[in-house]
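Biologist: I am new to this structure and would like to go through its packing. Could we take it one question at a time?

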Amino acid sequence: MAQPDAAWLGIDDFVRTAALYATNGRAVAPHAWSAGVGVMQNLHAAFACPNTLIVELPPAAGPLHSEIWGDSLQMRNGRVVRPDTPGLGVRLTDEIKESIKKVADDKDVVIVEVGGTIGDI
């Protein structure tokens, strides 16, 4: 069993890894232990691969997860529902960015804004 992570590999390499394992009759179990966007990358990659056995999700999702993925990640009867929102189904609103920046300001960390520019330290 492989545990590829689409947040690290990218979705294309995740799917290639899963296909390699599938040719040998092996399953994959995505390693989705990241913030909201990374979780959704892994979820989409998992649904793209027929040999996905199980999807790992953070057990206690915080705001960096749930606010970003919104209603895109849903569970029914103990199973993840295939997302039907456009793209990865994530949204990074100005309000979310401000709340993340406020938490980061309290911890003296670097904020990397969408678009790649570095915010306040």
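Modeller: What follows is a set of questions and answers on a predicted model.

Biologist: How do helix H2 and helix H3 pack, and at what angle?

Modeller: Two packed helices are described by the angle between their axes and the distance between the axes. Here helix H2 covers residues 11–23 and helix H3 covers residues 36–48. The crossing of the two is right-handed. Their axes lie 10 Å apart, and the angle is about 40°.

Biologist: How many nonpolar, polar and charged residues are in the contact of H2 with H3?

Modeller: H2 contributes Ile11, Phe14 and Val15. From H3 come Gln41, Asn42, Ala45, Ala46 and Ala48. Sorted by class, the contact of H2 with H3 has no charged residues, 2 polar and 6 nonpolar.

Biologist: Which residues make up the largest nonpolar core?

Modeller: In soluble globular proteins, nonpolar side chains tend to be buried together. The largest nonpolar core in this model has 7 residues in all. They are Ala2, Ala6, Phe14, Ala18, Val28, Ala45 and Cys49. A second, separate core has 5 residues, including Val39, Met40, Leu43 and Trp69.

Biologist: Where does Val80 lie, and how many Å from Ile54 is Val80, C-alpha to C-alpha?

Modeller: Val80 lies in strand S2, residues 79–80. Leaving out residues up to four places away in sequence, Val80 touches Leu43, Phe47, Leu57, Gln74 and Met75. Val80 and Ile54 are 26 residues apart in sequence, and in space their C-alpha to C-alpha separation is 9.6 Å.

Conventions: Residues numbered from 1 in each chain as written. Predicted model: local features only at pLDDT ≥ 70, side-chain atom pairs only at ≥ 80, totals over all residues. Heavy atoms only, no water. Core = buried A, V, L, I, M, F, W, Y, C linked by side-chain atoms within 4.5 Å. Buried < 20%, exposed > 50% of the residue type's maximum accessible area, 1.4 Å probe, protein only. Helix = DSSP H or I, 4+ residues; strand = E, 2+ residues; numbered from the N terminus. Contact = heavy atoms within 4.5 Å. Axes fitted to C-alpha atoms, helices over the stretch in contact; angles between N-to-C directions. Left-handed = near helix turned anticlockwise from the far one by under 90°. Nonpolar A, V, L, I, M, F, W, Y, C, P; charged D, E, K, R; others polar.
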